[in-house]
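User: I'm new to reading protein structures. Could you walk me through this one?

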Amino acid sequence: MRSLLKIALLLTVAFAFYACPSDDGGTSIVVRNELEVYNENIDQIEEFLHTHYVTIDADYNTVFAEIPEGGSQTPIWDMTELDTIQRKLNDINYVIYYLKMNEGQNLNPTPLDSVYASYKGIVFEKVTEVVGSVSTTYTKQTVFDQALTPTWFKLEDVISGWSEIFPLFKTGDFSENPLNGDVSYSNFGAGVMFVPSGLAYFNEEKGLIPAYSPLIFTFGLKGLRYRDHDGDKVLTKDEYREPEVGDIVDYVNGKVNFKKTAKDTDGDGQPDYLDIDDDGDGYLTKTEVRFTYVDGGQTITSYYPFQGATTDDPSTPYDDRRGIPRKFTGPIVSPSTLPSPIEADFTDVARLRRHLDKTCKPPYQN
Ligand SMILES: [Ca+2]
Ligand SMILES: [Ca+2]
Ligand SMILES: [Ca+2]
Ligand SMILES: [Ca+2]
């Protein structure tokens, strides 16, 4: 019974991997033991890291080459830019090696946001060639997919390796050439990830990727779009809580189950980033985070950001330093009125936002 269940689970894992970067269908073959495959993959990756060096140009284009006999090149394994993250999936402690060539300087995505990324995907395998009585073994690299011009991806929809590694990088700057419209990017997040097949396509053959192949992705994070999954005007990045140390990260079909670790203010099983009434008080979050202002004689409805700006922009007819307020804490003028607002209600960093506060019911004062 136990082994049947295990087989059923493995089959689920095997057939439900998401495709990245492009899903052109794949062929699944016999399902092998996941731990056995992982151990094999991590050996392949570590051997590659020990035997290869990398050259990187000013745009972080990356080329890997085998260190020749007696060569003095620094193996990737010894580079200070090499780091790891660990993720537990199906009782296996997965390690993802990655190179942080440049962290980037602006914004980083959560695993639920969209990234605008250029990338190159590489598979590698040991090949032995025999000519006469001489046999030579070398590592053959094959680029199976690449996008030199950045492309949009929802990190939720792509292989786990991507949704785990991209949030560790930030976007940079870009400028457009007014003469030809060419966009150039600078100081963006640029790296390389070495992904075991269990966090990619596992037993699927996809185009030039054989089943059970660990993958290398070089990538540049050129832009990102913060998403608002539930359309409640609070960005997912402010509703979703990143797993913290000690959290058990839950996986479904080889993908992080974001719903499990995300915060759920009202405990109704619907995490905040998918809940249109986060505190379960019967009033939509969207109505709890909005405010109105008058501009040119017209009353306009807008929505507070989660966190206000550090300085007020004089060109806007409202105070940009204000974010979603907490329950107002100012004086009660008469027994029939609600507490009046004070400025700290909009700016106190540690405040409980009113859409998360069950005791704070409409009507709201602006
Ligand atoms: Ca939202
Ligand atoms: Ca909820
Ligand atoms: Ca919500
Ligand atoms: Ca509510």
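User: Leaving aside its neighbours within four places in sequence, which residues is Tyr-98 in contact with?

Analyst: Some ground rules come with that: this is a predicted model, where local features need pLDDT of at least 70 and side-chain atom pairs count only at pLDDT 80 or more, while totals for chains, interfaces and linings use all residues. Residues are numbered from 1 along each chain as its sequence is written, and chains are lettered from A and ligands numbered from 1 in the order in which they are written. Two residues are in contact if their C-beta atoms, placed from the backbone, lie within 7 Å. For Tyr-98, that gives Asp-83, Ile-165, Gly-191, Val-192, Met-193 and Phe-194.

User: Which residues have the most contacts inside the largest nonpolar core?

Analyst: In soluble globular proteins, nonpolar side chains tend to be buried together. "Buried" means 20 or more other C-beta atoms within 10 Å of a residue's own; "exposed" means 12 or fewer, and "partly exposed" is in between, with C-beta atoms placed from the backbone. A nonpolar core is a set of buried Ala, Val, Leu, Ile, Met, Phe, Trp, Tyr and Cys residues joined through C-beta atoms within 7 Å. Here the largest has 54 residues, and Ile-96, Tyr-98, Met-193, Phe-194, Val-195 and Phe-217 have the most contacts inside it. Among the elements that each supply at least two residues of this core are helix 2, strand 5 (92-102) and strand 10 (189-195).

User: In what order do the strands form the open sheet?

Analyst: Helices (H or I, at least four residues) and strands (E, at least two) are DSSP runs numbered from the N terminus, and two strands pair if DSSP finds at least two bridges between them. Here 6 strands go 4-5-10-12-6-7, with antiparallel pairing. Strand 4 (82-89) and strand 7 (134-154) each have a single partner strand, so one side of each has no neighbour in the sheet. Strands 5 and 10 are joined by 5 bridges; in one pair, Tyr-97 partners Phe-194 of strand 10.

User: And which residues of helix 2 are buried?

Analyst: Glu-34, Val-37, Tyr-38, Asn-41, Gln-44, Ile-45, Phe-48 and Leu-49.

User: What about Lys-233: buried or exposed?

Analyst: Lys-233 is buried, because 20 other C-beta atoms lie within 10 Å. Lys-233 sits in the loop between strand 12 and helix 4 (236-239), and its phi is positive, about 75 degrees, although it is not a glycine.
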